Amino acid sequence: MEKKNLLIALFLTIILFSMPTNAKFIIEMGTNYSSEEDNVDNFTFSRMDLRGFLGASLDGNGAFYFGQSIYSASREHKTTAGQTVTVSALEIGPKVSIFMGASKAIYISLAWHPFAKGERKTSAGETEDISGSSLLASFGYQLKLTKTLYLGASLNYHKYSVSKYTTSADVEVTVSEEYTTLAPMIDLSLRF
């Protein structure tokens, strides 16, 4: 009986690997840096975003991709009172991207990051571990440079919802806080 199951598995493996495949893959990166300051209220703000995506398409056209999204954001805000607050987070979760048009240049994507952990620091020396979830929606255009290399830009809506923070004294506090950003990014992707 074991020999028969082994032969069936071998037969199915040969059939599976002999079939033509239309799988396509994408590796995509996006980045943005912005800063703002004024000398009226002594206000400064800076933000750095990095976005990564590793996905696969099984539709043969390379129009629909599903995969893993990684997002890293760091922001620093100096208030009028001279207090500095730095928030940084790493977010991981599934993402769907749909490329439209004959050249597959225009795209929309949606990512949900159920794992979103980071840290909030103040100039007073307080440090808190923060955790929650986030959403990322993007609309962009990527120009084909070579057979596999694309360069473009996108407009990204990012919402990070903090549900819990842990103080340096190991005290957990349930909160409902949100950081929302609408920002452009420069995109670079490999589709093969």
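**Pocket, cavity, core and loops**

The lining of the largest pocket is made up of five charged, four polar and four nonpolar residues. The model is a predicted one.

**Largest pocket**

- The largest pocket holds about 210 Å³ of space.
- It is lined by 13 residues, and those closest to its centre are K24, Y65, K147, Y150 and R191.

**Largest cavity**

- One cavity of 30 Å³ or more is present in the structure.
- The largest cavity has about 70 Å³ of space.
- Its lining consists of R47, A73, S74, R75, V87, S88, A89, E91, H158, Y160 and Y179.
- By type, the lining of the largest cavity has five nonpolar, three polar and three charged residues.
- At least two lining residues come from each of β3 (64-78), β4 and β7.
- β4 gives the most to this lining, with four residues.

**Largest nonpolar core**

- Nine residues form the largest nonpolar core: V87, A89, A116, I130, Y160, V162, Y165, V175 and Y179.
- β4, β7 and β8 are the elements that give two or more residues to this core.
- With three residues, β7 gives the most to the core.
- V87, A89, Y160 and Y179 belong to the core, and V87, A89, Y160 and Y179 also line the largest cavity.
- Leaving aside residues up to four places away in sequence, V175 touches V162, S163, K164 and Y165.
- Among these contacts of V175, V162 and Y165 are members of the core.

**Two loop residues with positive phi**

- K104 sits in the loop between β4 (84-100) and β5 (106-122).
- Phi of K104 is near 55 degrees, a positive value in a residue other than glycine.
- Is K104 buried or exposed? K104 counts as buried because its relative accessible area is 19%, and the cut-off for buried is under 20%.
- D170 lies in the loop between β7 (149-166) and β8 (172-191).
- Phi of D170 is near 65 degrees, again a positive value in a residue other than glycine.
- D170 has a relative accessible area of 66%, so D170 is exposed; the cut-off for exposed is over 50%.

Definitions and conventions
Residues are numbered from 1 along each chain as its sequence is written. This is a predicted model: local features need pLDDT of at least 70, side-chain atom pairs count only at pLDDT 80 or more; totals for chains, interfaces and linings use all residues. Side-chain values use heavy atoms; hydrogens and water are left out. Buried means under 20% relative accessible area, exposed over 50%, partly exposed in between (1.4 Å probe, protein chains only). A nonpolar core is a set of buried Ala, Val, Leu, Ile, Met, Phe, Trp, Tyr and Cys residues joined through side-chain atoms within 4.5 Å. Contact means heavy atoms within 4.5 Å. On a 1 Å grid over the protein atoms alone, a cavity is a set of points where a 1.4 Å probe fits but cannot get out, and a pocket is an open set with protein on both sides within 12 Å along at least five of seven lines; lining residues have an atom within 4 Å of a point. Grid points are joined across faces, edges and corners, and a volume is the space filled by probe spheres set on the points. Ala, Val, Leu, Ile, Met, Phe, Trp, Tyr, Cys and Pro count as nonpolar, Asp, Glu, Lys and Arg as charged, and the others, Gly among them, as polar.
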